[in-house]
Amino acid sequence: MKVLTDFFLSLRTTFGLLLIFVILLGIGSVQLTGNLAFFSGIDETPLFQWLKDAKDMRGTWWIYAMIATLTILALNTVFCTVEALLRRLDRKNLILKLSPQIMHIGILLIMFGHLITASIGFKTDILLNKGERKSVLAGKEIFLKDITVYTDSNGYTTDWQAGILWTEQGKKSMEGFLRPVHPLYFGNFGLYVKSVTPEPEASALIRVCSDPGALWALLGGVLLSAGGLGFLYGRFSA
């Protein structure tokens with residue numbers, strides 16, 4: 001048990017894991033650029049679902065290795081944070097000593113958020129013609145009511161919007177307009193318009209996604225920023 005504790009509390013473990021992770025990133029960059037077709041959908045699907053569908057350990061082993069490395073690094077962070085909170089805190093320079101641990105907790109929450117999204121997140125693109133209704137998930141449907149495309153005097157598109165209706169169990173749940181960088185949200189789902197085709201064959205490509213880890217990652221980002229500010233304050237006020 002002491003050997004395990006010493007391993008997870010060691011800064012050498014931290015630096016070693018970071019070095020391994022950087023090496024894996026380098027390997028991954030080579031793999032990605034050499035197999036663009038194979039990796040083309042990795043950003044369009046939650047990671048674990050993509051790995052499940054890929055079924056190619058020869059091409060994805062480095063991703064599994066990165067996940068394993070991050071898991072051990074997270075445990076290393078947990079051990080070091082708990083050890084610091086239990087043994088090193090006192091009222092003297094409390095902010096300076098506590099701030100790094102807050103940053104560590106923030107990083108862990110960010111990693112946890114990404115883990116949740118990679119595990120149970122949802123993302124799909126749906127092509128809808130004007131007046132068409134399609135199923136998204138069980139009991140959930142999206143209906144494209146209308147498309148409006150705005151052009152300038154030269155005929156170039158300047159803006160567009162797609163009127164949509166979101167229903168659950170056959171009942172109206174949300175209605176609104178999707179525009180570029182103006183998504184709609186309902187519950188855990190976000191709806192984004194990726195592209196539209198004007199009349200006479202009016203259609204819209206709409207992305208529907210669920211990012212259940214977003215709030216955890218946001219909370220982690222807030223703690224990371226707060227810890228960084230606290231560390232600077234404690235350093236310069238000491």
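Predicted model: local features only at pLDDT ≥ 70, side-chain atom pairs only at ≥ 80, totals over all residues.
Q: Hi! How do the axes of α5 and α6 cross, and how close do they come?
A: Helix α5 covers residues 57–87 and helix α6 covers residues 94–120; their axes come within 10 Å and cross at roughly 150°. That makes α5 roughly antiparallel to α6.

Q: Left-handed or right-handed?
A: The crossing of α5 and α6 is left-handed.

Q: Nice. Which residues in α5 and α6 meet?
A: On the α5 side there are Leu70, Ala74, Thr77, Val78, Cys80, Thr81, Ala84 and Leu85, and they meet Leu98, Gln101, His104, Ile105, Leu108 and Met111 of α6. By class, this contact has ten nonpolar residues, four polar and no charged.

Q: I see Cys80 there. Is Cys80 buried or exposed?
A: Cys80 counts as buried because its relative accessible area is 17%, with the cut-off for buried being under 20%.

Q: And Cys209, buried or exposed?
A: Cys209 is buried too, at a relative accessible area of 13%.

Q: How many disulfides, then?
A: The count is zero, taking a disulfide as a pair of cysteine sulfur atoms within 2.5 Å.

Q: Switching topic: what about α2 and α5?
A: Helix α2 spans residues 11–34, and its axis comes within 9 Å of the α5 axis, crossing at roughly 160°. That makes α2 roughly antiparallel to α5. The crossing of α2 and α5 is left-handed.

Q: Which residues make that contact?
A: From α2 they include Leu17, Phe21, Leu24 and Gln31, and from α5 they include Arg58, Trp61, Trp62 and Leu70. The contact of α2 with α5 has 15 nonpolar, seven polar and one charged residues.

Definitions and conventions
Residues numbered from 1 in each chain as written. Heavy atoms only, no water. Axes fitted to C-alpha atoms, helices over the stretch in contact; angles between N-to-C directions. Helix = DSSP H or I, 4+ residues; strand = E, 2+ residues; numbered from the N terminus. Parallel < 35°, antiparallel > 145°, perpendicular 65-115°, else oblique. Left-handed = near helix turned anticlockwise from the far one by under 90°. Contact = heavy atoms within 4.5 Å. Nonpolar A, V, L, I, M, F, W, Y, C, P; charged D, E, K, R; others polar. Buried < 20%, exposed > 50% of the residue type's maximum accessible area, 1.4 Å probe, protein only.
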